[in-house]
Amino acid sequence: MKTAIAILNWNGEKLLPQFLPSVINNSKDAEIYIIDNASTDNSIQLLKTQFPSIKIIQNNGNYGFAKGYNEGLKHIDADYFCLLNSDVEVTENWIEPIEKLLDNNPEIAAVQPKILDYRDKKMFEYAGAGGGFIDKFGYPFCRGRVFSALEEDKGQYDDTIQIFWATGASLFIRKKDFFEQNGFDEEFFAHMEEIDLCWRLNNANRKVYYCGESTVYHLGGATLQKSNPKKAYLNYRNSLWMNLKNLPKNKLFPMIFTRLSLDGIAAIAFLPSQGFPHLWAVFLSHMHFYRGFFKMYKKRQKNQLKKYSDKELLPVQYFLQKRQYYKDLK
């Protein structure tokens with residue numbers, strides 16, 4: 001099998017009947033797997049009765065996104081994995097242009113399609129949009145989405161280009177590359193693990209691409225809402241860990257110090273709108289960053305990219321200079 005679609009599920013009884021039909025109807029040449037993270041609802045029974053053609057892999061616990069996929073993918077044999085969120089609607093011929101790109105370019109390890117908003121299909125969606133990049137301090141952003149500013153899809157990102165990271169909402173990756181990088185970092189549990197993986201791929205001189213010929217629609221926030229303090233905690237902590245693992249050695253400590261300072265400023269600045277739980281989540285993320293510091297530092301690869309971004313500090317551009325769209329970033 002050339003491509004296997006792997007959908008991670010945890011208590012997705014309501015999402016599965018809503019989104020699986022589009023995947024089944026538009027993926028006839030791919031095998032579809034559900035990797036279940038020990039759901040406690042009726043997900044498994046629903047799959048067996050309503051979608052008997054789908055193969056089920058059952059993990060022994062709720063391992064989160066990172067370990068959930070690492071464990072589940074060990075049981076799947078295919079040239080390419082497509083890691084697909086359970087809240088994604090796919091479109092006709094969404095797989096073919098990505099397979100063609102991978103077939104013809106062996107240096108490409110991972111690809112993402114165009115990610116639009118399921119609720120408003122003319123808008124880009126937060127998770128991935130038109131392909132992911134980072135600024136010089138490791139802040140991630142996308143073409144079509146900078147922080148919370150989203151662009152309307154007017155065909156401006158219908159191209160196929162090299163990017164820095166591909167979203168885990170719909171991530172095509174060669175099986176060989178996934179396992180050569182030891183998959184996702186399981187310490188992350190969820191959030192930022194795909195950016196960390198793509199950064200490691202870049203460090204290994206493998207390429208990550210965006211394919212604008214393929215389109216999917218992502219609901220987003222189906223497991224954790226954007227305002228959830230746990231989501232904030234995971235994003236802040238994992239972003240710091242990711243930078244610790246991947247920044248060039250000569251820039252590592254000045255940039256980590258800057259990031260820690262900016263996190264604190266952001267937590268205080270957003271206190272009126274986000275409340276104390278958000279501030280506490282940032283505090284906990286920093287405490288746990290320190291606790292895992294040496295373990296993450298030991299994971300640094302021998303080779304780190306010296307040139308990984310040409311974008312200046314994103315928070316300054318976005319919040320102070322009001323540069324809210326990709327084309328305006330310095």
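Student: Is Tyr318 buried or exposed, and what is its relative accessible area?

Tutor: Tyr318 is buried, with a relative accessible area of 7%. Here buried means under 20% relative accessible area, exposed means over 50%, and partly exposed lies in between, using a 1.4 Å probe and protein chains only. This is a predicted model, in which local features need pLDDT of at least 70 and side-chain atom pairs count only at pLDDT 80 or more, while totals for chains, interfaces and linings use all residues. Residues are numbered from 1 along each chain as its sequence is written, and side-chain values use heavy atoms, with hydrogens and water left out.

Rings of Phe, Tyr and Trp (the six-membered ring of Trp) pair if their centres lie within 6.5 Å; planes under 30 degrees apart count as stacked, over 60 as edge-to-face and the rest as tilted. By this rule there are 29 aromatic pairs. One of them joins Phe188 and Trp241 in a tilted arrangement, 6.1 Å centre to centre, with 45 degrees between the planes. This pair links distant parts of the chain, 53 residues apart: Phe188 is in the loop between α5 (175–180) and α6 (193–203), and Trp241 is in helix α7 (residues 229–246). Helices (H or I, at least four residues) and strands (E, at least two) are DSSP runs, numbered from the N terminus. Phe188 has a relative accessible area of 0% and is therefore buried, and Trp241, at 6%, counts as buried too.

Tyr318 itself pairs with Phe319: the two rings are edge-to-face, 4.8 Å centre to centre, with 80 degrees between the planes. Whereas Tyr318 is buried, Phe319 counts as partly exposed because its relative accessibility is 36%. Elsewhere, Phe65, Tyr69, Phe81, Phe178, Phe179 and Phe184 form one aromatic cluster.

Aromatic rings also meet charges. A charge sits over a ring if NZ of Lys or CZ of Arg is within 6 Å of the ring centre and within 35 degrees of the ring normal. The charged end of Arg259 takes such a position over the ring of Tyr139, 3.8 Å from the ring centre. Likewise, Arg143 has its charged end over the ring of Tyr210, at 4.9 Å from the centre.

Charged side chains pair with one another as well. A salt bridge is a side-chain nitrogen of Lys or Arg within 4 Å of a carboxyl oxygen of Asp or Glu, and the structure holds 18 of them. In one, between Glu31 and Lys55, the closest N and O atoms are 2.7 Å apart. Glu31 belongs to strand β2 (residues 31–36) and Lys55 to strand β3 (residues 55–58), so that the bridge links parts of the chain 24 residues apart. Glu31 is partly exposed at 23% relative accessible area, as is Lys55 at 36%.

Asp158 and Lys114 meet in another salt bridge, at 2.5 Å from N to O. Here Asp158 lies in the loop between β10 and β11, and Lys114 in strand β6 (residues 108–117), 44 residues apart. Asp158 counts as partly exposed at 40% relative accessibility, but Lys114, at 4%, counts as buried.

A further bridge joins Lys136 and Glu312, whose closest N and O atoms are 3.2 Å apart. Lys136 is in the loop between β7 (132–134) and β8 (140–142), and Glu312 is in the loop between α11 (293–297) and α12 (314–320), so this pair ties together parts 176 residues apart in sequence. Lys136 is partly exposed, with a relative accessible area of 29%, and Glu312 is partly exposed, with 39%. There is also a network of salt bridges linking Asp185, Asp196, Arg200, Lys245 and Lys299.

Finally, helix α10 deserves a look. His286 has its place there and counts as buried at 10% relative accessibility. Leaving aside neighbours within four places in sequence, His286 is in contact (heavy atoms within 4.5 Å) with Leu240, Leu260, Asp263 and Gly264. Trp280 is also in helix α10, but Trp280 counts as partly exposed at 42% relative accessibility.
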